[in-house]
Each structure stands twice: as structure tokens, then as C-alpha cells.
Amino acid sequence: MKSSWGKCDPLTSVLSSASSPAIQQPPKQERPTPEISCSNAASLRATKQDIRGIRQLYIRVQHDMDAHKATVDKVRSRIEHYYSAKTPFRVYHGSTNSTRHADFDRDAIVDVSPLNHVLSIDIERKTALVEPNVPMDALVRETMKFGLLPPVVMEFPGITVGGGFVGTAGESSSFKYGFFDRTVLSVEVVLADGTIVTASEAENKELFEGLRGSFGTLGVLTMVEMQLVPLKQFVEVTYHPTFSIDNSIGKLQYQITRQENDYVDGILFSKGFGVVVAGRLVDTTASLPDIPIRRFSKPWNEWFYIHAKSLASKGIITKELVPIEDYLFRFDRGAFWMGMHAYKQFMIPFMWLTRVLLDYFMHTRVMFHSLHKSGYTDRYIIHDIAFPAGNAAAFVEYADQKFEIYPLWLCPLRKDGRSSMGHPEPYKGGVGGGSNTGVYDGEYISVGIWGPYTSSEAKYVRANREIESKMRELGGLKWLYSRVFYTEEEWWQVYDKRKYDELRKKFNAATLPSIWDKVKDRGRKEEFSTGLKGLLKKIIKSSTLLSGFYGIYKAVRGGDYMLKEKSR
Ligand SMILES: NC(=O)C1=CN([C@@H]2O[C@H](COP(=O)(O)OP(=O)(O)OC[C@H]3O[C@@H](n4cnc5c(N)ncnc54)[C@H](OP(=O)(O)O)[C@@H]3O)[C@@H](O)[C@H]2O)C=CC1
Ligand SMILES: C=C(/C=C/[C@@H](C)[C@H]1CC[C@H]2C3=CC=C4C[C@@H](O)CC[C@]4(C)[C@H]3CC[C@]12C)C(C)C
């Protein structure tokens, strides 16, 4: 990674002032005034024209690299402290988009939340230097100012660059660019012993490859250099109705072969009805005057999945133009369709007006807060599973027969997807009904199966274990953001213990928790304090309705939702 930082010249300052700090906050909040560190900067005003005028130039922007280094140094000394004390620690950044239980010990975390800046954007090379706690919406906002866009933008605006790189993250462009980590050119990482290392394809390649899907178990990411692509203002979205499972998978696979498509995913509303959504980046509406513009970001806009369903139900192919940010974050309002379950839960009519009125609660940042405070993660079946493409239909058939959970999300993934998913063994089983033909190296289709499952803990665990067993049979790999129900023995049948342990040894990471340590299921048990407060909390947590309200109340109050509560 190059670290030649631009001098304090006027152009640099203009761009620097345009590049405001990315704060891990809901997007509607005012962003703080950016700091301008150069002495001549006060006389400069970064207007849109200024930025547009210099956009074409080759420029390296400095956004307080000294501050970055100072923060990394603090992170490093914390890590060194844990290393000498042999204390395993977790990586904390104030929020999470994982649905696994989050219960971090304050005395065993490394806090990377101040690392939340887009440090620089290189217009000519189309690259950005970004700190790990920059969330997707802030990243997109910054790169858009320079006419650029990350190739893979996860659909929830609060997902961070760091969590995305090490935590397996992707979206409808992943059939083309792979998972998010494939769009990263190099990283700065603090190893478990406090050494700061740069890793890329050219430098420390083994570490760079190993960091993909490592879930913070090889070191702490402190900076990422990522590839960008030219920005276009709209996505021309084409909705293709589908009429069976095979028809959906077939259309999905056909759409990814079409050169013009930048985005492809699909939704199955039932066994016999779905939609494949293909998107193409386009610059202006001028050449496409007859196509209506559709938005999904305002409270009064329809949720994306409802709109897609109503278009697909007409049975004909439909096209629309969607402003780029509305497309990228189209699933934020309502967390795909899962918000609909909250309405059912609280017996609120699920209609346009109530969706407008309750919009605030239905953005994923707020929903994740509610989720973790309510304990609802134990009441939902939540799995995203990447299957060898030829086995996805078999899993959907199975899910239909056993669970009838709909809608299902279908997301095609590039061939290299498996390498970003927690260090698995290669898959050597059959595909598409055929027999074992050696190591599978084809494309994947990710199936998202998410729905409420109210039952005893034993029944809930059994259902999840059944899904995981079917998944293993079909060569599927779980995204590890959600609860894992494998036993340790089953886990190591899927993941490559020898290679992973070797890597951890080589990079002195044995004092960190392993991926298994992080993801293994801890059951529903929760400890409550003694006294009236503890009793009240126990009563609340034992009721689905009350715990839901409690989660929402906590989200509205704000504050942290990941750290264990202080014992008194
Ligand atoms: N479309 C998508 O791709 C979606 C993805 N997700 C999931 O969301 C997660 C990302 O969300 P986000 O809130 O950003 O991250 P999380 O806080 O959920 O962290 C994800 C993992 O990355 C580790 N981690 C986070 N930051 C760093 C860092 N700077 N250095 C090293 N390790 C780090 C965490 O370690 P630790 O466990 O110690 O905290 C954790 O294991 C991914 O796991 C992804 O699968 C969720 C919804 C949709
Ligand atoms: C607000 C409440 C409950 C909310 C849950 C139903 C959602 C909170 C977080 C949601 C999700 C997180 C991550 C996901 C990964 C994506 O790839 C797919 C969607 C999802 C599984 C998504 C599903 C819904 C949530 C679990 C209560 C307190 C009312």
C-alpha cells in the first residue's frame, strides 16, 4: 500500500473539506463539519462546481493521516496489552449487522469505532483508502462526490468496510465482482502481537488471502484500499416474473451471463411465483424517456419487495429507473421483508399508512438494535447459505416442504465465493443430482431463508440443525453472521482445521478467539441480576410481545447494545 500523502495545497484542501468524516449513525443525522487542517484552507470553500471542476485531475486527497496513525497506535497498544496478558478479545465498533448473540465483555474488546473516515480517494486510479468503521452509506456518499462507486455495496447502510471484508458480505453485484473482500486491493492490519502489517496480492499474500472471511481472528483491520468503478446516476431495473423454482434459478443463471447486467438477484414469493431482478447502471434518463423513475428511500415509497411483487404479479417484464442510492439500499427499509413480521407480532395493520408512520423503526440500524435488545434472534430462523448453483433448487424444494418460509432471497455469487466464507474445506460432493466429480469450482447461489419460528428452544435448535444438515449434504456454506448450530465435530468437517490453525500460528494469532469460538452457539440462556429490576427483565424477556417492545424502546433510547451490562 502506498502511503505518499499529498502536500497541503489548495486543491487537496478543497477535496479534503469535501470528504467529511463518516459517522456510524443513521443517515438522517447532520454530519459534523469536517476539519480542515491546512492553514490556507479557511479561505477555500468547496462548492459543488469546484469539485466537479477538479474531478478529472489526478489527485491524492489527505484526510488527516496523522490522526489515523495516532488512532491505530492506540489500537495497537491495546492489542499488545491483550497479547502479553494472553487475553482473547473481540473487535468492537459500536454496532453490528450480525444476528449472532452480541454480548461483549468491556474488558476484552478492541474498540475500532474511531476509525471511521474515508481517508482519500484517488480519482485517476479509482481507488479509496478507507478506515474499517466506515459504513456503506457514508462510503457511497463520499465516493459519489468524486464520480465513483464501490463495485459491491451491501444493501444495509450500516454494514462496515471492516466487517464486510473479514465477515463475508456481498450483494447483487457479487456474481460479477465476488464478495466485498474481492474489491479490496490491500489492507493495513494489526496482528495479535501488535505488529502493523500491510497485506495485498503482492505483499504478504498468504495473510491477505487468509484475512478474507477470518472474522477478526487473524488480526484487526485498520485500513483498506479499495477499488472503485465509475458512478452512474441510475440503475435501469428489469423485473422478470418467474413461475417455479427451476424457472427462477434458470432465469437467474441466464441473467448473470448477460454482459449488460451489473446487478442480479431474485425473490421467491412462493414455490410457483417469484421475480428475478436485473440491474444496469445508466447515466441519464435522456435515452430512456419512457421508463418511469422509482424511489425506495422515502417513508412514503413502497418497500422494494412489495413493489417488485406487485410488478411481477402482472406476469410481464417491467423496466424502471431507480436512482443509484435508492437501488443500493433498496432492502434497508423493512430489512428485505422481515419488518412485516414485526407488524404481525404487534398486531399493527401492515399497510402503506402504517409503514409511513412507523418508518423510523423499520430501518436496519434501528432493527438490529431492537433485535439484540429484544432477544428476537432466538425466535427467528436466519440463514443465508451459498450453494453450488446446481444444488440451490434442491435446497429450495426442501425448504418449501419442511418450512414453507417465504419470501426467499436468491443471490448469485462468483466462483471464488467459497474462499471468503470462514476457511472451509473444498466441496467434492455431487451437483445437480450428479455424483461426486472432484473439487467443485463453479458459481454459487446464495439462498436467504429468514422467518419467525416460535417454539421451545429444543424444537428451534432441532429445526436449525436440520437446515444445517441439509445444507452440508448439498455443499452449502452458511454466511457466519447468524447463529451456528453445528457441534464442534461437525464444524471441523466443513472447515479446514489444519490450514486455519497453521495460518493462526504463523501470524501469532493463537491468543485470539477462533472463528469457531466466535460463532458457536451459546443457547438462549441469559443471566438476570437479582432484585426487582432483574425479575422485571426476566418477565419481559420471557414474553415475545413484551421483549419486542423492550427492544424497540431500547433502540429509541439509543446507546450501546453490544456490551454486557455492568454488574452492580
Ligand atoms: N448483504 C450482506 O452482505 C449482509 C451481510 N451481513 C453480515 O454483516 C456482517 C458485517 O457487519 P458489520 O456490522 O460491518 O460487522 P460486525 O460487527 O457484524 O462484524 C463482523 C465480523 O467482523 C469482525 N470485525 C469487524 N470489524 C473488524 C475489524 N476492523 N478488524 C477485524 N475484524 C473485524 C467481527 O469481529 P467480532 O466478532 O470480534 O466483533 C465479526 O466477527 C458480516 O458478517 C456480514 O455477513 C448482514 C446482513 C447482510
Ligand atoms: C425489530 C425486531 C426484529 C427484527 C428482525 C426481524 C430483523 C432485525 C435484523 C434483521 C436481519 C438481519 C440480517 C439479515 C441478513 C440479510 O442477508 C437478510 C436479512 C436478515 C436476516 C434480516 C432479517 C430480519 C432481522 C433479523 C423486533 C424487535 C420487532
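Student: How many residues surround ligand 1, and which are the closest?

Tutor: In this predicted model, ligand 1 is surrounded by 29 residues. Val-91, Ser-98, Thr-160, Thr-168 and Lys-518 are the closest.

Student: What makes the pair formed by ligand 1 and Val-91 a polar contact?

Tutor: The cut-off is 3.5 Å between N or O atoms. A polar backbone atom of Val-91 is 2.6 Å from an oxygen atom of ligand 1, so the pair meets the cut-off.

Student: Which atoms of ligand 1 do Gly-170 and Leu-221 face?

Tutor: For Gly-170, a backbone N or O atom lies 2.9 Å from an oxygen atom of the ligand. For Leu-221, a backbone N or O atom lies 2.9 Å from a nitrogen atom of ligand 1. Ligand 1 has 880 Å² of accessible area on its own, and the protein covers 97% of that.

Student: Which classes of residue make up the shell around ligand 1, and which elements each supply at least two of its residues?

Tutor: The shell has 13 nonpolar, 12 polar and 4 charged residues. At least two residues each come from β1 (90-92), α5 (161-166) and β8.

Student: β8 also belongs to a sheet. In what order do the strands of that sheet run, and which are its edges?

Tutor: The order is β3-β4-β8-β6-β7, with antiparallel pairing in an open sheet of 5 strands. β3 (118-122) and β7 (196-200) are called edge strands because each pairs on one side only. From one strand to the next, the twist averages 15 degrees.

Student: How do you know that β3 and β4 pair?

Tutor: Pairing needs at least two bridges. β3 and β4 (residues 127-130) have 4 bridges, in the antiparallel sense, so they count as paired. Opposite Leu-129 in β4 stands Ser-120.

Student: Which strands does helix α4 touch?

Tutor: Helix α4 (residues 136-144) packs on the sheet and touches β3, β4 and β8. Its direction makes about 35 degrees with that of β3.

Student: Turning to ligand 2, which residues come nearest?

Tutor: Met-338, Phe-368, Ile-382, Asp-384 and Trp-450 come nearest, out of 17 residues around ligand 2.

Student: Why is the pair formed by Asp-384 and ligand 2 called a polar contact?

Tutor: A polar side-chain atom of Asp-384 lies 3.1 Å from an oxygen atom of ligand 2. The limit is 3.5 Å, so the pair qualifies. The protein covers 97% of the 610 Å² of accessible area that ligand 2 has on its own.

Student: Which element gives the most residues to the shell around ligand 2, and how is the shell divided by class?

Tutor: α13 gives the most, with 5 residues. Both α13 (364-374) and β14 (380-388) supply at least two. By class, there are 13 nonpolar, 3 polar and 1 charged residues.

Student: What makes β14 and β17 a pair?

Tutor: They pair over 2 bridges, in the antiparallel sense. Lys-478 in β17 is the bridge partner of Ile-385.

Student: Where in its sheet does β17 stand?

Tutor: The open, antiparallel sheet has 8 strands in the order β13-β10-β12-β11-β15-β16-β14-β17. β13 (318-323) and β17 (477-478) are the edge strands. Helix α14 (residues 392-402) lies across β11, β14, β15 and β16, at about 15 degrees to β16.

Key
Residues numbered from 1 in each chain as written. Chains lettered and ligands numbered in written order. Predicted model: local features only at pLDDT ≥ 70, side-chain atom pairs only at ≥ 80, totals over all residues. Heavy atoms only, no water. Axes fitted to C-alpha atoms, helices over the stretch in contact; angles between N-to-C directions. Contact = heavy atoms within 4.5 Å. Near = heavy atom within 4 Å. Polar contact = N/O pair within 3.5 Å; in protein donor to acceptor, adjacent residues only side chain to side chain. Areas by Shrake-Rupley, 256 points an atom, 1.4 Å probe, with all protein chains shown as cover. Nonpolar A, V, L, I, M, F, W, Y, C, P; charged D, E, K, R; others polar.
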